[in-house]
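Hello,

Here is the structure I promised to pass on. My notes on what turned up follow below it.

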Amino acid sequence: MFLATLLLAANPVAKVPPPVTTAPRPITCSDDCISPVEAVTYASYLAPKAGIAGTFRMEVKAVGEQKGIYYLNSETDYRDRNCLTIAMPAAVMAELAEGEGLAAAEKRFKGRTIMVRGVAQRVKIAFFDDSGKPTDKYYYQVQIRIGQAAQLGPRVRQRGGFTYDGPASAQP
């Protein structure tokens, strides 16, 4: 007992520092980003069991919205077989576009080069008839579904590389 008291007196209890919260890593890539055509090729090859994870770079050529989900497309026609689509809920788009609605999303992203972390997977898109029932017609689309603004890093191409152009809340 005496020895335990002596040890405690010699070694006072250390205070534990508060937990460290880390900011998300900035999204960067040199030449090792996956292009839309590579993503579509790999995801199609691995489907339906898997997708390809990585950092993807693409120019946004079209923006769309349906039932509260926003889409950034690498091709003007989202049904193009080489189109890579980034899908996200309206809340994430509002945070990234710093505004709500399709017009804000188009203003923010159309014509810009973006980088995104995620998994590209082939998704079956069914056609529906006028009564809302699925038909036997469908096509496949390769999508990266994101749930957090930190997964997408919008960039503006400038001479000598890329400069951050995202919302102030997410700047590295």
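Among contacts (heavy atoms within 4.5 Å) between residues at least 6 apart in sequence, 57% join residues at least 24 apart. This is a predicted model: local features need pLDDT of at least 70, side-chain atom pairs count only at pLDDT 80 or more, and totals for chains, interfaces and linings use all residues. Residues are numbered from 1 along each chain as its sequence is written, and side-chain values use heavy atoms, with hydrogens and water left out.

The overall build: four helices and eight strands. Their order from the N terminus is α-α-β-β-β-β-α-α-β-β-β-β. Both are DSSP runs, numbered from the N terminus (helices: H or I, at least four residues; strands: E, at least two). The chain has 172 residues, and 34% of them count as buried. Buried means under 20% relative accessible area, exposed over 50%, partly exposed in between (1.4 Å probe, protein chains only).

Now helix H4, residues 102–109. Its buried residues are Ala104, Ala105, Arg108 and Phe109. Ala103 and Lys107 are exposed, on the face turned away from the buried side. Gly111 follows H4 and has a positive phi, near 85 degrees.

Last, Gly51. This residue sits in the loop between helix H2 (36–46) and strand S1 (52–59). Gly51 is partly exposed, at 23% relative accessible area. Beyond its neighbours within four places in sequence, Gly51 contacts Leu46, Val119, Ala120 and Gln121.

Best wishes
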